[in-house]
Amino acid sequence: MAAGLIVLTLCASGCSGSNPNQPTPTPSPTPTPSPAPPGSDPPAGPSTPTPAPRVAKTRFVAFGDSLTAGVISAPVSLTLTLVDAPNAYPARLASQLRARYYDQGDIVVLNEGKAGEFALDGKVRLPDVIKADAPQVILLMEGANELNVFGRRGVSRAVGALEDMIKDAGRRGCQVFVATLPPQRASGANGFGAPYVEELNAQIRKTAADEGATLVDVYPQFDVSLVGQDGLHLTEAGYVRLGAIFAAAIRQAFETAPPT
């Protein structure tokens, strides 16, 4: 009797055939979301960005001496950074305004500070700056060098020049914010004007009221710890604070509610 040939076919799990004895799995039903309980909040949708407030003036020129230009005095040594415009108050102010009014891309704060300038020299320089920069608002802070060189006699010199600058800028279509000076350290090498700062500031407040300028009263909002060891110039933290003081004055004068 001839031997029979037996052929075995082995099928891996990937073969397409089915086992007739294997039950067909039943697909699980798709779960139906349960209805929200009565009185509950509906599911949150995509968030809508909060509209930013608006500011009516967007082009500013900061005008003054080394306190505007950004001469930094170290807090614990007599080291001076002669010009540090990125850390000066106009740059700090610009950053704060752009962060708050983020829907307005045209906010400009130009730094027209000149280290060592007397207010009388600033009066001569201001018309050309206004012509070149076309600001809507002048942020004016001068007079420290008059005090440091002339002492009490510098008060009247500085006030007269500030009064002339306010009038000139107004005639040229600019609104003026005039600032009182921050304190000085009498013990510092450059703090010669410390005894006369409050006297000058009292005159600046009066001049602002008489000439219709907006007063930015820096002095009572400024701690002497923010003045560097040279007695006159500010620390980096001092310029941050000065920028915040000007930003608050601008918000009060020009901010409007966001559009509905």
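This is a predicted model: local features need pLDDT of at least 70, side-chain atom pairs count only at pLDDT 80 or more; totals for chains, interfaces and linings use all residues.
**The chain overall**

The chain has 260 residues, and 41% of them are buried. Its secondary structure comprises seven helices and nine strands. Take the contacts between residues at least 6 apart in sequence: 76% of these join residues at least 24 apart.

| Helix pair | Angle between axes | Distance between axes | Crossing |
|---|---|---|---|
| Helix 2 (residues 89–100) and helix 7 (residues 236–254) | about 50° | 8 Å | right-handed |
| Helix 3 (residues 119–133) and helix 5 | about 15° | 8 Å | right-handed |

We can start with helix 2 and helix 7, whose axes meet at an angle of about 50° and lie 8 Å apart. Because of that angle, helix 2 counts as oblique to helix 7. On the helix 2 side, the contact is made by Y89, R92, L93, Q96, L97 and R100. Helix 7 brings E236, Y239, V240, L242, G243, A244, F246, A247, I250 and R251 to the contact. Sorted by class, the residues in the contact of helix 2 with helix 7 are 10 nonpolar, two polar and four charged.

Next come helix 3 and helix 5, which pack at an angle of about 15° with axes 8 Å apart. Angles under 35 degrees count as roughly parallel, so helix 3 is roughly parallel to helix 5. Helix 3 contributes A119, L120, G122, K123, L126, P127 and I130 to the contact. From helix 5 come R157, A158, A161, D164, M165, D168 and A169. The class count for the contact of helix 3 with helix 5 is nine nonpolar, one polar and four charged residues.

D168 sits in helix 5, which spans residues 153–171. Is D168 buried or exposed? Its relative accessibility is 12%, and since buried means under 20%, D168 counts as buried.

Which residue does the side chain of D168 reach with a polar contact? The partner is the side chain of R172, at 2.8 Å.

R172 lies in the loop between helix 5 and strand 7 (175–179). With a relative accessible area of 44%, R172 is partly exposed. Setting aside residues up to four places away in sequence, R172 touches P127 and I130.

**Q175 in strand 7**

The last stop is Q175, a residue of strand 7. Q175 has 30% relative accessibility and therefore counts as partly exposed. Which residues does Q175 contact, leaving aside its neighbours within four places in sequence? They are K57, Q136, V137, I138, T214 and F254. Among them, F254 falls within the range of helix 7 (residues 236–254). Q175 and G212 are separated by 37 residues in sequence, while their C-alpha atoms are 9.2 Å apart in space.

Key: Residues are numbered from 1 along each chain as its sequence is written. Side-chain values use heavy atoms; hydrogens and water are left out. Helices (H or I, at least four residues) and strands (E, at least two) are DSSP runs, numbered from the N terminus. Buried means under 20% relative accessible area, exposed over 50%, partly exposed in between (1.4 Å probe, protein chains only). A polar contact is a pair of N or O atoms within 3.5 Å; within protein, one must be able to donate a hydrogen and the other to accept it, and residues adjacent in sequence count only if both atoms are side-chain atoms. Axes are lines fitted to C-alpha atoms, for helices over the stretch in contact, and angles run from 0 to 180 degrees between N-to-C directions. Angles under 35 degrees count as roughly parallel, over 145 as roughly antiparallel, 65 to 115 as roughly perpendicular and the rest as oblique. A crossing is left-handed if the near helix is turned anticlockwise from the far one by less than a right angle, and right-handed if clockwise. Contact means heavy atoms within 4.5 Å. Ala, Val, Leu, Ile, Met, Phe, Trp, Tyr, Cys and Pro count as nonpolar, Asp, Glu, Lys and Arg as charged, and the others, Gly among them, as polar.
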